[in-house]
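Here are my notes after a look through the model. Have it open while you read, as I go pair by pair and then turn to one loop.

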Amino acid sequence: MTLQAIEDFISKQKTAFIGSMDAEGFPNIKAMFAPRRIEAGGIYYFSTNKSSLRTGQYLENPKASVYFYQRGRFKYTGIMLVGTMEVLEDHDSKASIWQPGDTMYYPAGIDDPDYCVLKFTAVRGRYYQSLTKGDFTF
């Protein structure tokens with residue numbers, strides 16, 4: 001798979017699985033809505049709660065992974081990315097991915113104290129598609 005094909009695949013997914021490390025060094029995985037914004041070079045922005053367990057884990061240890069997959073009847077594609085996750089709380093970052101329906105989760109709007117942005121920066125990845133696999137870097 002080319003890097004462009006990988007980015008195209010990721011941009012079409014509705015769900016992402018994000019990985020963090022807990023205080024004892026064990027991996028933790030969570031399903032999330034797909035990234036709200038994607039930038040070239042492996043940068044992905046997610047909307048989440050500041051009070052969430054995962055946010056706290058990223059503040060302690062920014063090492064992270066993100067996994068995307070699509071299972072078809074005869075074809076399976078999976079993309080794993082590894083990199084770092086930043087917790088962004090500034091107004092501009094939050095406004096850049098804000099959507100009107102977000103007030104359902106964050107009643108105080110963009111500046112709700114429990115609203116933050118997770119910025120994932122991938123450094124490398126691995127794909128699997130139709131019995132082929134490979135590594136790539138950004």
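1. Let's start with K119, which counts as buried, at 19% relative accessibility. The cut-off for buried is under 20%, so K119 falls within that class. Bear in mind that this is a predicted model.

2. K119 has a charged partner: a salt bridge joins it to E86, with the closest N and O atoms 4.0 Å apart. Since K119 sits in strand β7 and E86 in strand β6, the pair ties together parts 33 residues apart in sequence. E86 itself is partly exposed, at 37% relative accessibility.

3. The salt-bridge count comes to five, and another one of them is between E89 and K50, at 3.8 Å from N to O. This pair also links distant parts of the chain, 39 residues apart: E89 is in the loop between β6 and α3, and K50 in the loop between β4 and α2. Both are partly exposed, E89 at 42% and K50 at 27%.

4. R37 has a relative accessible area of 25% and E39 one of 28%, so each counts as partly exposed.

5. Now for the backbone. Which loop holds S130? The one between β7 (115-129) and β8 (132-137). S130 has a positive phi, near 50°, without being a glycine, and is partly exposed at 41%.

6. L131 is in the loop between β7 and β8. Its phi is positive as well, about 70°, and again this is not a glycine. L131 is exposed, with a relative accessible area of 77%.

Conventions
Residues are numbered from 1 along each chain as its sequence is written. This is a predicted model: local features need pLDDT of at least 70, side-chain atom pairs count only at pLDDT 80 or more; totals for chains, interfaces and linings use all residues. Side-chain values use heavy atoms; hydrogens and water are left out. Helices (H or I, at least four residues) and strands (E, at least two) are DSSP runs, numbered from the N terminus. Buried means under 20% relative accessible area, exposed over 50%, partly exposed in between (1.4 Å probe, protein chains only). A salt bridge is a side-chain nitrogen of Lys or Arg within 4 Å of a carboxyl oxygen of Asp or Glu.
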